[in-house]
Amino acid sequence: MEITHDLYIGDCEDELKRIHDNSVDLIFTSPPYADQRKKTYGGIHPDDYVEWFLPKTEQMLRVLKPTGTFVLNIKEKVVNGERSTYVMELILAMRKQGWLWTEEFIWHKKNCYPGKWPNRFRDAWERLLQFNKHRKFNMYQEEVLVPMGEWAKTRLKNLSKTDQTRDESKVGSGFGKNISNWLTRDKAYPTNVLHLATECNNKNHSATFPEGLPEWFIKLFTQVGDTVLDPFMGSGTTNIVANRMLRNSIGIEIVQEYYQMVKSQISPVQFSLFESKKELVLNSLPIYLTSGPLSQACRGKNGYVKLSQTHS
Ligand SMILES: C[S@@+](CC[C@H](N)C(=O)[O-])C[C@H]1O[C@@H](n2cnc3c(N)ncnc32)[C@H](O)[C@@H]1O
């Protein structure tokens with residue numbers, strides 16, 4: 001098996017056309033938010049945002065596998081004392097384009113800046129919108145289990161009668177729960193809220209997200225050897241994490257400086273994959289980072305080495 005790393009410089013609307021149909025397992029990205037960061041990489045007016053974004057999502061729809069997932073990190077800002085509605089408009093337009101809006105995750109920024117505003121509180125969360133092509137998509141829920149924690153000790157200690165049997169949904173949805181099923185387990189499925197601090201990681205980019213964010217979704221929606229795409233690559237957080245997790249990655253960036261930065265930072269990754277230990281947890285795989293030109297490839301004694309490619 002060989003892990004690849006493809007970088008493209010240019011507008012993702014054009015560069016995406018170079019990617020094959022149905023070839024990507026996960027698109028994870030954070031585009032420029034409307035009217036923000038004008039000075040660094042241009043801003044799009046909220047009224048123009050949907051029109052600007054749709055040709056790009058059309059390409060994303062084409063390159064995503066039928067079993068794949070698109071996760072879009074975005075948050076509308078306040079304009080004239082009101083929340084802008086362009087994200088909602090975008091969701092509706094994308095649904096018309098053929099996407100299913102499957103879920104919305106919340107990234108709770110644990111360390112957001114303190115502050116006071118006359119008519120609102122600190123903004124401490126961002127949206128992660130999940131879109132799919134079909135209702136059935138790849139999802140590896142066991143990969144993101146969380147410790148049961150204190151909840152198990154208190155809530156499960158004194159189970160009511162209802163909790164000891166299956167509690168059918170009151171709204172007739174067909175979904176029910178039997179809480180006693182969880183008594184003997186030490187892990188539970190997580191919620192759709194992720195609590196992660198923003199990271200000041202000296203990446204020379206003003207809008208990086210924490211590595212834990214792509215990492216969680218890469219675990220949830222992909223497996224080793226799958227392909228992850230970030231069409232608004234920035235400092236390459238998604239790509240760096242994807243490669244560390246032994247996923248192929250594709251990154252597109254319009255600003256030459258950021259593209260060069262990622263190009264120089266991602267070095268060929270040499271790792272050994274011991275066939276007999278395939279079940280090893282990723283983190284325990286031996287990974288050796290080496291420096292050298294991106295096109296360099298070397299073969300390790302017991303496995304294979306990543307061959308990186310760049311496109312300009
Ligand atoms: C919010 S930042 C992404 C930050 C990234 N998630 C990280 O952790 O570094 C958005 C990036 O998209 C780039 N960009 C803006 N318009 C683009 C376009 N049309 N095609 C490709 N990249 C674009 C910007 O230059 C910027 O680096």
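How many helices and strands are there in the protein? I counted 9 helices and 18 strands, taken as DSSP runs numbered from the N terminus (helices H or I, at least four residues; strands E, at least two).

I noted that this is a predicted model, in which local features need pLDDT of at least 70, side-chain atom pairs count only at pLDDT 80 or more, and totals for chains, interfaces and linings use all residues. Residues are numbered from 1 along each chain as its sequence is written.

I looked up burial next. Of the 312 residues, 30% are buried (20 or more other C-beta atoms, placed from the backbone, within 10 Å of the residue's own; exposed means 12 or fewer).

I then turned to helix α4. Its 12 residues, 86-97, should span 16 Å at 1.5 Å a residue, and the end C-alpha atoms are 16 Å apart, which agrees; the expected span is 1.5 Å times one less than the number of residues. Y86, V87, L90 and M94 are the buried residues that I found in α4. They fall within an arc of 95° seen down the axis, so they line one face of the helix (the arc is that of the directions from the helix axis to the C-beta atoms). On the face turned away from this buried side, I found M88, L92, R95 and K96 exposed. The cover over the buried residues of α4 includes α3 (49-63), β3 (64-74) and β7 (125-132). Just after α4, G98 has a positive phi of about 120°.

Last, I checked the ligand. Of the 20 residues around the ligand, T208, F232, G234, S235 and T237 come nearest (C-beta atom, placed from the backbone, within 6 Å). Both α1 (12-15) and β14 (248-253) supply at least two residues of the shell.

Notes:
Two residues are in contact if their C-beta atoms, placed from the backbone, lie within 7 Å.
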